[in-house]
Amino acid sequence: MLPPSVCLVSPCPLCSTQIQGEEKGAAASHGTAVRYRGVFGTITTMVRTEGARSLYSGLVAGLQRQMSFASIRIGLYDSVKSFYTKGSDHVGIGSRLLAGCTTGAMAVALAQPTDVVKVRFQAQASSSGPNRRYHGTMQAYKTIAKEEGMRGLWRGTGPNIARNAIVNCTELVTYDLIKDALLKNTSLTDDLPCHFTSAFGAGFCTTVIASPVDVVKTRYMNSALGQYSSTLNCAHAMVTKEGPLAFYKGFMPSFLRLGSWNVVMFVTYEQLKRAMMAAR
């Protein structure tokens with residue numbers, strides 16, 4: 001779940017917009033214009049200046065992240081939820097929140113290096129030739145570990161745990177709640193239209209709640225050593241230099257990403273669950 005940072009392309013419209021705010025002051029001082037303006041402007045600029053293939057550069061890093069994160073966050077959610085409810089049929093919102101936080105934190109603890117590499121690829125995508133630090137995912141893992149130590153591969157774990165806990169809880173809990181409400185109060189049945197509507201609603205709720213943490217996480221993970229003393233320092237610098245709206249940079253591409261991801265993920269999950277139950 002993407003969540004999160006669920007970018008499969010590099011530079012993706014979301015991360016390009018989030019990181020760009022960090023460089024806006026420098027661009028202004030050099031008399032250069034802001035490069036990316038909105039999601040469609042970003043896509044158009046990328047295709048015009050870097051070619052259509054740039055939309056899929058870094059795909060391997062993004063897939064590695066999604067496979068590792070999603071398998072833990074989604075695959076273990078029902079089991080962890082059952083653990084907190086001790087097998088009871090009644091599942092309260094508290095148990096759902098705890099399960100979401102737990103699986104989100106577990107996913108980050110194990111798969112954080114894939115997220116670091118993904119963000120680094122997104123940040124360097126506009127560079128070429130000798131200016132590119134990383135030329136492949138395996139080389140990126142080795143370079144980061146060599147230059148920054150193993151701690152470099154887990155850089156930003158704190159904000160990422162916070163971000164994934166928020167995203168996991170919001171996605172899973174709002175999906176469950178919206179789905180339950182639709183089944184109880186409308187003529188929809190437990191089928192594709194209900195799953196689609198619930199997933200899209202969960203994507204919007206998640207974007208609103210998780211965007212500030214997501215922006216700070218992306219800025220901090222992409223920052224140079226010593227640029228920020230902590231994630232709180234990063235957030236303070238954003239507010240001071242760019243204002244509170246900086247926390248919602250890239251909101252539209254984030255919503256499009258999370259909305260589409262939730263639809264694919266939840267619809268697929270529901271179909272697989274139904275198929276597995278039918279096979280028993």
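Author: Let's begin with a rule: a charge sits over a ring if NZ of Lys or CZ of Arg is within 6 Å of the ring centre and within 35 degrees of the ring normal. The model is a predicted one, where local features need pLDDT of at least 70, side-chain atom pairs count only at pLDDT 80 or more, and totals for chains, interfaces and linings use all residues. Residues are numbered from 1 along each chain as its sequence is written, and side-chain values use heavy atoms, with hydrogens and water left out.

Reader: What makes the charged end of Arg 155 count as sitting over the ring of Tyr 220?
Author: The charged end of Arg 155 is 5.2 Å from the centre of the Tyr 220 ring, and the limit is within 6 Å.

Reader: Why is the pair of Tyr 175 and Phe 266 called stacked?
Author: A search of the whole structure finds 6 aromatic pairs. For Tyr 175 and Phe 266, the distance is 3.8 Å centre to centre, with 5° between the planes. Rings of Phe, Tyr and Trp (its six-membered ring) pair if their centres lie within 6.5 Å, and planes under 30 degrees apart count as stacked, over 60 as edge-to-face and the rest as tilted, so this pair is stacked. Tyr 175 is in helix α8 and Phe 266 in helix α11, 91 residues apart. Helices here are DSSP runs (H or I, at least four residues), numbered from the N terminus.

Reader: And what makes the pair of Tyr 248 and Phe 251 tilted?
Author: Their ring centres are 6.2 Å apart and their planes are at 50°, so the pair is tilted.

Reader: How do you know whether Tyr 248 is buried, exposed or partly exposed?
Author: Buried means under 20% relative accessible area, exposed over 50%, and partly exposed in between (1.4 Å probe, protein chains only). Tyr 248 has 34% relative accessibility, so Tyr 248 counts as partly exposed. Phe 251, at 24%, is partly exposed too. As for where Tyr 248 is, look in the loop between α10 (231-242) and α11 (251-279).

Reader: Why do Asp 190 and Lys 179 get called a salt bridge?
Author: Side chains of opposite charge can pair when their charged atoms come close. The label needs a side-chain nitrogen of Lys or Arg within 4 Å of a carboxyl oxygen of Asp or Glu. Asp 190 and Lys 179 meet at 3.4 Å, N to O, so they qualify. Asp 190 lies in the loop between α8 (157-185) and α9 (192-222) and Lys 179 in helix α8, so the pair ties together parts that are 11 residues apart in sequence. With 35% relative accessible area, Asp 190 is partly exposed, whereas Lys 179, at 10%, is buried.

Reader: What makes Glu 242 and Arg 219 a salt bridge?
Author: Their N to O distance is 3.0 Å. Glu 242 lies in helix α10 and Arg 219 in helix α9, so this pair ties together parts that are 23 residues apart in sequence. Arg 219 counts as buried at 0% relative accessibility, while Glu 242 is partly exposed at 27%. Glu 242 also meets Lys 249 in a salt bridge, at 3.9 Å, N to O.

Reader: How many salt bridges are there by this rule?
Author: The count comes to 12.

Note on methods. Helices (H or I, at least four residues) and strands (E, at least two) are DSSP runs, numbered from the N terminus.
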